[in-house]
Amino acid sequence: MIQYEKLDSLLKSNAEWSKAVTEADPNFFKKLAQIQEPKILWVGCADSRVPANQLVQLAPGEVFVHRNIANVVCHSDLNCLSVLQYAVDVLKVEHVIVCGHSNCGGVAAAMGSGQYGLIDNWLRNIKDVYRFYEKELDEIKDSKERLSRLIEFNAIHSAQNVCRSTIVQNAWHRGQKLTVHAWVYDLENGLVKRLEFSHKDPAKLPSIYACQPL
């Protein structure tokens with residue numbers, strides 16, 4: 001069990017990891033410090049059980065990551081949009097993956113009527129997703145299955161919002177290679193599932209969201 005009182009154990013673990021990596025590849029950190037060229041932007045949940053690099057076995061420098069409560073992408077979140085713009089315009093990532101996960105506490109909270117404080121304003125985004133799919137969700141009698149389905153809808157909706165951003169549309173207009181995906185990670189078996197959403201064609205966007213290129 002890790003002792004956190006002075007965090008000395010974390011520093012020790014870091015030193016051991018650094019030593020092991022350097023022994024395996026003496027130039028690893030020197031190369032990593034000079035440049036980062038990830039091909040993937042991962043938009044995931046802040047949940048501590050969902051570490052992006054570990055799930056897909058990618059090394060440091062291979063995936064650019066943004067995490068928040070319940071992997072929400074909305075048009076008013078300047079933090080998320082700043083990450084998206086840097087990833088697309090500067091790093092030239094080729095894939096954006098929005099990944100939800102099973103038993104997500106944020107999505108579960110959004111399904112109820114409890115009040116939690118500041119986060120209630122954030123959860124409104126997920127409540128809106130529920131409203132969009134209300135008929136289908138209300139027909140699911142099992143609460144666990146209903147939660148799982150809303151988790152999927154939430155990931156898909158956020159992936160749609162990525163596509164509807166001017167950042168991604170401008171990249172597509174420039175001819176940049178970029179595909180947006182929606183995935184879900186299952187905490188109970190460690191497996192990631194690809195949802196039925198993968199988008200790389202601006203012509204398929206609803207016309208109301210389409211924008212003229214800069």
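Colleague: At what angle do helix α6 and helix α8 pack, and how far apart are their axes?

Modeller: Please note that this is a predicted model. Two packed helices are described by the angle between their axes and by the distance between those axes. Here, helix α6 (residues 119–132) and helix α8 (residues 143–164) pack at about 105 degrees, and their axes are 10 Å apart. Angles of 65 to 115 degrees count as roughly perpendicular, and α6 and α8 are therefore roughly perpendicular to each other.

Colleague: Which residues in α6 and α8 meet?

Modeller: From α6 come I126, V129, Y130 and F132; they meet R146, L150, F153, N154 and H157 in α8.

Colleague: How many salt bridges does a search of the whole structure find?

Modeller: The search finds 11. A salt bridge requires a side-chain nitrogen of Lys or Arg within 4 Å of a carboxyl oxygen of Asp or Glu. One of them joins E94 to K177, with the closest N and O atoms 3.9 Å apart. This pair links distant parts of the chain, 83 residues apart: E94 is in the loop between α4 and β3, and K177 is in the loop between α9 and β4. E94 counts as partly exposed because its relative accessibility is 23%, whereas K177, at 59%, is exposed.

Colleague: Which parts does the salt bridge of K144 and E188 tie together?

Modeller: The side chains of K144 and E188 meet at 3.6 Å, N to O. K144 lies in helix α8 and E188 in the loop between β4 and β5, so the pair ties together parts 44 residues apart in sequence.

Colleague: What separates R149 and E152 along helix α8?

Modeller: They are separated by about one helical turn, because they lie 3 residues apart in that helix. Their side chains form a salt bridge of 2.6 Å, N to O. R149 is partly exposed, at 26% relative accessibility, and E152 is buried, at 13%. Salt bridges with shared partners join E136, R149, E152 and K193 into one network.

Colleague: Which residues form a nonpolar patch on the surface?

Modeller: I69, Y116 and I119 form such a patch, and together they have about 270 Å² of accessible area. I69 is found in the loop between β2 and α4 and counts as partly exposed, with 35% relative accessibility.

Colleague: Where does P213 lie, finally?

Modeller: P213 lies in the segment after β5. Leaving aside residues up to four places away in sequence, P213 touches N170 and H173. At 45% relative accessibility, P213 counts as partly exposed.

Terms used: Residues numbered from 1 in each chain as written. Predicted model: local features only at pLDDT ≥ 70, side-chain atom pairs only at ≥ 80, totals over all residues. Heavy atoms only, no water. Patch = residues over 30% accessible without salt bridge, like charges linked within 9 Å, V, L, I, M, F, W, Y side chains within 5 Å. Areas by Shrake-Rupley, 256 points an atom, 1.4 Å probe, with all protein chains shown as cover. Helix = DSSP H or I, 4+ residues; strand = E, 2+ residues; numbered from the N terminus. Buried < 20%, exposed > 50% of the residue type's maximum accessible area, 1.4 Å probe, protein only. Axes fitted to C-alpha atoms, helices over the stretch in contact; angles between N-to-C directions. Parallel < 35°, antiparallel > 145°, perpendicular 65-115°, else oblique. Contact = heavy atoms within 4.5 Å.
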